[in-house]
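Welcome! Please take a moment to look over the sequence and the 3D view before reading on.

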Amino acid sequence: MNQALIQPRTVYHRATGATVMNGVDAAAAVSNHPLEWSYEPWTAETLEKAEAAVRREAELSAVPVVGALKE
């Protein structure tokens, strides 16, 4: 088993600051809630990067799958 997944990792919440979680929970928090959790302390630049990533993900999700049937 990969021990890195259960090793403590520091993540940062926008409102409450630094928190230590095991690696799996930290990764889940950052990937599932990118506008709330980050691996880096929150700054204007960190927030801008997170918002850009969320916008990019929304744009990619809005594009229909190649070969999808149109009505």
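## About the model

The model is predicted, so local features need pLDDT of at least 70 and side-chain atom pairs count only at pLDDT 80 or more, while totals for chains, interfaces and linings use all residues. Residues are numbered from 1 along each chain as its sequence is written, and side-chain values use heavy atoms, with hydrogens and water left out.

## Overall layout

Let us begin with the whole chain. The protein has two helices and three strands, and from the N terminus they follow the order β-β-α-β-α. Helices (H or I, at least four residues) and strands (E, at least two) are DSSP runs, numbered from the N terminus.

Of the 71 residues, 15% count as buried. Here, buried means under 20% relative accessible area, exposed over 50%, and partly exposed in between (1.4 Å probe, protein chains only). The accessible surface comes to about 5600 Å², and carbon and sulfur atoms account for 58% of that surface. These areas come from the Shrake-Rupley method with a 1.4 Å probe; for residues, only the protein chains shown count as cover.

## The sheet and its helix

Next comes the sheet. Its three strands are arranged in the order β2-β1-β3, forming an open sheet with antiparallel pairing. At the edges are β2 (17–22) and β3 (37–38), each of which pairs on one side only. Strands pair if DSSP finds at least two bridges between them. Strand β1 (residues 8–13) is joined to β3 by two bridges, and His 13 stands opposite Trp 37 in β3. Helix α1 (residues 23–32) packs on this sheet and touches β1, β2 and β3, while its direction makes about 130° with that of β2. Axes are lines fitted to C-alpha atoms, for helices over the stretch in contact, with angles from 0 to 180 degrees between N-to-C directions.

Now follow the loop between α1 and β3, where Glu 36 sits. Glu 36 is partly exposed, at 37% relative accessibility. Although Glu 36 and His 13 are 23 residues apart along the chain, their C-alpha atoms are separated by 5.5 Å. Beyond its neighbours within four places in sequence, Glu 36 is in contact with Tyr 12, His 13, Arg 14 and Trp 42; a contact means heavy atoms within 4.5 Å.

How many salt bridges does a search of the whole structure find? There are two, a salt bridge being a side-chain nitrogen of Lys or Arg within 4 Å of a carboxyl oxygen of Asp or Glu.

One links Lys 49 with Glu 45, with the closest N and O atoms 3.8 Å apart. Both residues lie in helix α2 (residues 44–62), four residues apart, or about one turn of the helix. Lys 49 is partly exposed at 47%, whereas Glu 45 is exposed at 53%. Another joins Glu 59 and Arg 56 at 3.7 Å, N to O. Glu 59 and Arg 56 are three residues apart in helix α2, so about one helical turn separates them. Glu 59 is partly exposed at 46%, and Arg 56 is partly exposed at 48%.

## A buried threonine

Finally, look for Thr 46, also in helix α2. Is Thr 46 buried or exposed? With 8% relative accessibility, Thr 46 counts as buried.

A polar atom of the Thr 46 side chain lies 3.2 Å from the backbone oxygen of Pro 41, and a polar contact of 3.0 Å connects the side chains of Thr 46 and Thr 43. A polar contact is a pair of N or O atoms within 3.5 Å; within protein, one must be able to donate a hydrogen and the other to accept it, and residues adjacent in sequence count only if both atoms are side-chain atoms. Leaving out residues up to four places away in sequence, Thr 46 touches Ser 38, Glu 40 and Pro 41.
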